Amino acid sequence: MLKSWLNVLQTRWNSYKYRFVPWIAVNICKNERTLRQVPLCSLDKLVSDEEVLLNITKLFRALFSSNLGDQRDILQTLSSSSQTDYQAAVGEEGPSDPCRVMFDTMGFAIERRPSSLQSAGTGVFVVMGTVPKGATVAMYPGTIYQRYEPIFFQSVCNPFIFRCIDGVLIDGNDKGISKAVYRSCSGRDRLGPIKLSDTTWLTAKPYNPLAVGQYVNNCSNDKAANVCYQEFDVSTGFPIELCQYLPNVNYRMDMPRPLRCVVLVTLRAIHPGEELFSNYYTVVH
């Protein structure tokens with residue numbers, strides 16, 4: 001019984017230690033290979049925001065068109081030209097699996113599976129197609145907190161807190177109080193039939209197949225990073241009918257700033273069967 005309890009404790013510690021500041025301070029420089037070095041903040045982005053926006057918008061439009069039968073109420077709120085464009089893009093097969101839509105639209109598909117790393121839990125794998133270098137391959141979902149907003153209770157033993165360069169935090173935990181907070185904030189922001197954020201990433205089958213970035217594991221000596229994190233702000237002009245696929249929501253409803261998102265961009269071509277690995281630490285000089 002004691003051994004079993006110690007094994008559980010060890011597994012949880014291995015997952016949480018990367019967010020524990022004292023451990024980071026002692027160990028961050030011990031293995032340079034697991035660090036991503038960036039000379040300037042302006043050089044942190046591998047691809048432009050315009051390219052990221054183009055990629056996610058293309059996928060979101062395809063997801064919307066593939067399930068047009070369930071989008072009738074939203075479709076009626078759009079202009080006649082937009083309605084015509086979506087209806088023209090509808091396939092004869094009817095609603096499609098999001099993973100298949102991703103493959104048809106982007107040329108690859110990803111999925112959550114048990115990690116190839118021992119005791120790492122869940123990982124993210126390329127299951128179809130080859131992901132080219134510089135592609136937007138995943139998104140980091142969760143509730144967005146500004147530096148002054150309360151997150152203490154949500155952060156306790158939570159290995160899914162992502163810290164942006166400017167101190168903004170994203171809670172990507174899909175369980176417990178974090179899950180409840182996200183659902184509450186998402187429901188609060190709903191405009192009639194129009195959802196302004198996606199809650200399906202909290203389930204085993206997300207409608208947005210990109211929204212699995214919180215399960216991408218840290219690289220190691222044997223498994224080099226093949227993706228990196230990139231911050232991206234969604235402008236207020238983003239198509240409102242596609243907001244239902246954005247896996248992020250602000251903690252405060254009166255937040256005047258654009259919606260913060262974090263995407264994962266590939267550092268090299270990634271082939272079917274390969275697991276995605278990132279650098280949990282980016283050092284900006």
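A residue counts as buried when its relative accessible area is under 20%, and in this predicted model Glu149 is therefore buried, because its relative accessible area is 7%. Glu149 forms a salt bridge with Arg252, in which the closest N and O atoms are 4.0 Å apart, and Arg252, at 31% relative accessibility, counts as partly exposed. In total, the count comes to 12 salt bridges.

Another of these salt bridges is formed by Asp166 and Arg260, with the closest N and O atoms 2.9 Å apart. Asp166 lies in the loop between strands E6 and E7, whereas Arg260 lies in strand E11, so the pair ties together parts that are 94 residues apart in sequence. Arg260 is buried at 7% relative accessibility, while Asp166, with a relative accessible area of 26%, is partly exposed. Through salt bridges that share partners, Asp166 and Arg260 are joined with Glu231 and Asp233 into one network.

Aromatic rings were also examined, and a search of the whole structure finds 10 aromatic pairs. In one of them, Tyr140 and Tyr229 are arranged edge-to-face, at 6.4 Å centre to centre and with 70 degrees between the planes. This pair links distant parts of the chain, since Tyr140 belongs to strand E4 and Tyr229 to strand E9, 89 residues apart. Tyr140 counts as buried at 1% relative accessibility, and Tyr229 is buried with a relative accessible area of 11%. Phe160 and Tyr215 form an edge-to-face pair, at 5.6 Å centre to centre and with 65 degrees between the planes, and both residues are buried. Elsewhere, Phe60, Phe238 and Tyr245 form one aromatic cluster.

Note on methods
Residues are numbered from 1 along each chain as its sequence is written. This is a predicted model: local features need pLDDT of at least 70, side-chain atom pairs count only at pLDDT 80 or more; totals for chains, interfaces and linings use all residues. Side-chain values use heavy atoms; hydrogens and water are left out. Rings of Phe, Tyr and Trp (its six-membered ring) pair if their centres lie within 6.5 Å; planes under 30 degrees apart count as stacked, over 60 as edge-to-face and the rest as tilted. Helices (H or I, at least four residues) and strands (E, at least two) are DSSP runs, numbered from the N terminus. Buried means under 20% relative accessible area, exposed over 50%, partly exposed in between (1.4 Å probe, protein chains only). A salt bridge is a side-chain nitrogen of Lys or Arg within 4 Å of a carboxyl oxygen of Asp or Glu.
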